[in-house]
Amino acid sequence: MTRLLQATGPDDPAIREAAEILLTGGLVAFPTETVYGLGADGLNPGAVARIYAAKGRPATNPVILHVADVAGAKPLVSAWPEAARLLAERYWPGPLTLVLPSSEVVPSIIRAGGPTVALRCPAHPVALALIRAVGRPLAAPSANRSQHLSPSLAAHVASSLGEAVDLILDGGPTEAGLESTILDLSRARPRILRPGPIKPAELALIIGELDTWEGALEIGQRQEAPGMTERHYAPRARLELVDRGRGLSSASGSRVYVGIGALPELPAGVRGVLLPLDAEAVGTRLYALLHELDEAGFDRIVMERPPEGEAWLAVRDRLQRASAKGRP
Ligand code: TXA
Ligand code: MG
């Protein structure tokens, strides 16, 4: 059995124990405000290699380094531009990951051999206390097997990674539910690599013009952003995105229909799930819902396509990936 300890506040004794495991090269899953992370000492290449092995993650996909504050971030980069300063001031701790030119301190395995490093300061008391207790940046991708659903509960981590993780800190359900916004500041014009809780317009208010993800939602076209691969965040059941009320006529296998804001009349035998017309609430709930529907054993999840517009960008992105053809 994987070890699981409750950790709800910064002074929880479990945090000390977790820090000791990390300092000796072990893996600890911990809560953040977005999803659970699978943590390792970010300056120990051997420990980081264990993350890749546990997740079944391709070596070409770099991982994010988590820091407790700006002072923890600066030694990891070769430049700290004005945009980084302003954004960190406004959004750290919070669900914003910044991609910057890396310094030599960062092991190559973190960067997948590339010249940049992704940095994030998570807004979760347990995550912050853990980074401080370790005294080093923590490498932490989402704590799930590669290409599977991200975990919003400690139980999701245990079922996805099992024995591969030395300890899971259970801080209850995560708040934002979807992974952080990733902004690439290593190029002349900033660019969003992954839409998330912090929206393009909010970033633009602070740094001016930036390239957004929206034009790149065409699946499979973004090779320059590592890890932005076709199928991702996927449930076991086949997920189909449909216009409201569609996709229900061809009957095969057990089905569930997920509506947003309203439910159409459903054929007998099709279960209905109603989500609110509220992008933030759907983001918080999405992974947990897909995990539940998987566990309930449905063969097909038919889900209403989310509305257009920036508020729904992150939810649309995750659903596009989860519904992409091809098995993980
Ligand atoms: O909310 C989050 O960001 C969560 C929590 C645990 O912090 N972490 C997370 O990590 O989602 P992961 O590994 O599941 O997703 C990180 C994404 C990957 O798609 C990876 O390719 C990209 O960030 N990434 C990491 N380093 C990068 C870099 N130097 N340049 C471009 N993309 C990078
Ligand atoms: Mg992930």
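Student: Leaving aside its neighbours within four places in sequence, which residues is D41 in contact with?
Tutor: D41 is in contact with L22, A47, V48, R136, P137 and L138. Contact means heavy atoms within 4.5 Å. This is a predicted model: local features need pLDDT of at least 70, side-chain atom pairs count only at pLDDT 80 or more, and totals for chains, interfaces and linings use all residues. Residues are numbered from 1 along each chain as its sequence is written, chains are lettered from A and ligands numbered from 1 in the order in which they are written, and side-chain values use heavy atoms, with hydrogens and water left out.

Student: Why does D41 count as buried?
Tutor: Its relative accessibility is 3%. Buried means under 20% relative accessible area, exposed over 50%, and partly exposed in between, with a 1.4 Å probe and protein chains only. So D41 is buried. D41 sits in strand β3, residues 37–41. Helices (H or I, at least four residues) and strands (E, at least two) are DSSP runs, numbered from the N terminus.

Student: How far apart are D41 and R271 in sequence and in space?
Tutor: They are 230 residues apart in sequence and 44 Å apart in space, C-alpha to C-alpha.

Student: What makes V67 buried?
Tutor: Its relative accessible area is 2%. That falls under the cut-off, so V67 is buried. V67 lies in the loop between β4 (64–66) and α3 (70–73). Beyond four places in sequence, V67 touches G72, A73, L76, W92, R120, C121, P122, L128, I131 and P137.

Student: Why is A112 called partly exposed?
Tutor: A112 has a relative accessible area of 28%, so it falls in the middle class. A112 is in the loop between α5 (108–111) and β6 (116–120). Its phi is near 50 degrees, a positive value in a residue other than glycine.

Student: How do you know that Q147 is partly exposed?
Tutor: By its relative accessible area of 25%. Q147 is in the loop between β7 (138–139) and α7 (154–161). Phi of Q147 is near 75 degrees, again positive in a residue other than glycine.

Student: Which peptide bond is cis?
Tutor: The one from W92 to P93, with omega near -10 degrees. P93 lies in the loop between α4 and β5 (96–101).

Student: Why is α1 called oblique to α6?
Tutor: Helix α1 (residues 13–23) and α6 pack at an angle of about 50 degrees, with their axes 9 Å apart. Angles under 35 degrees count as roughly parallel, over 145 as roughly antiparallel, 65 to 115 as roughly perpendicular, and the rest as oblique. So α1 is oblique to α6. Axes are lines fitted to C-alpha atoms, for helices over the stretch in contact, and angles run from 0 to 180 degrees between N-to-C directions.

Student: Which residues of α1 and α6 make the contact?
Tutor: I15, R16, A18, A19, L22 and L23 come from α1, and V126, A129, L130, A133 and V134 from α6. They divide into 10 nonpolar, no polar and one charged. Ala, Val, Leu, Ile, Met, Phe, Trp, Tyr, Cys and Pro count as nonpolar, Asp, Glu, Lys and Arg as charged, and the others, Gly among them, as polar.

Student: What makes α4 oblique to α8?
Tutor: Helix α4 (residues 82–91) and helix α8 (residues 200–207) pack at about 125 degrees, with axes 10 Å apart. That angle leaves α4 oblique to α8. A83, L86, L87, R90 and Y91 of α4 make the contact with E202, L203, I206 and I207 of α8. By class, this contact has seven nonpolar, no polar and two charged residues.

Student: At what angle do helices α9 and α10 cross?
Tutor: At roughly 35 degrees; the axes of α9 (residues 279–295) and α10 (residues 313–322) come within 9 Å. A279, V282, G283, L286 and Y287 in α9 meet V315, R318 and L319 in α10.

Student: Which residues have the most contacts inside the largest nonpolar core?
Tutor: W92, L169 and L183, in a core of 65 residues. Helix α6 (residues 125–134) gives the largest share of this core, seven residues. A second, separate core of 27 residues includes A279, W312, A314 and L319. A nonpolar core is a set of buried Ala, Val, Leu, Ile, Met, Phe, Trp, Tyr and Cys residues joined through side-chain atoms within 4.5 Å.
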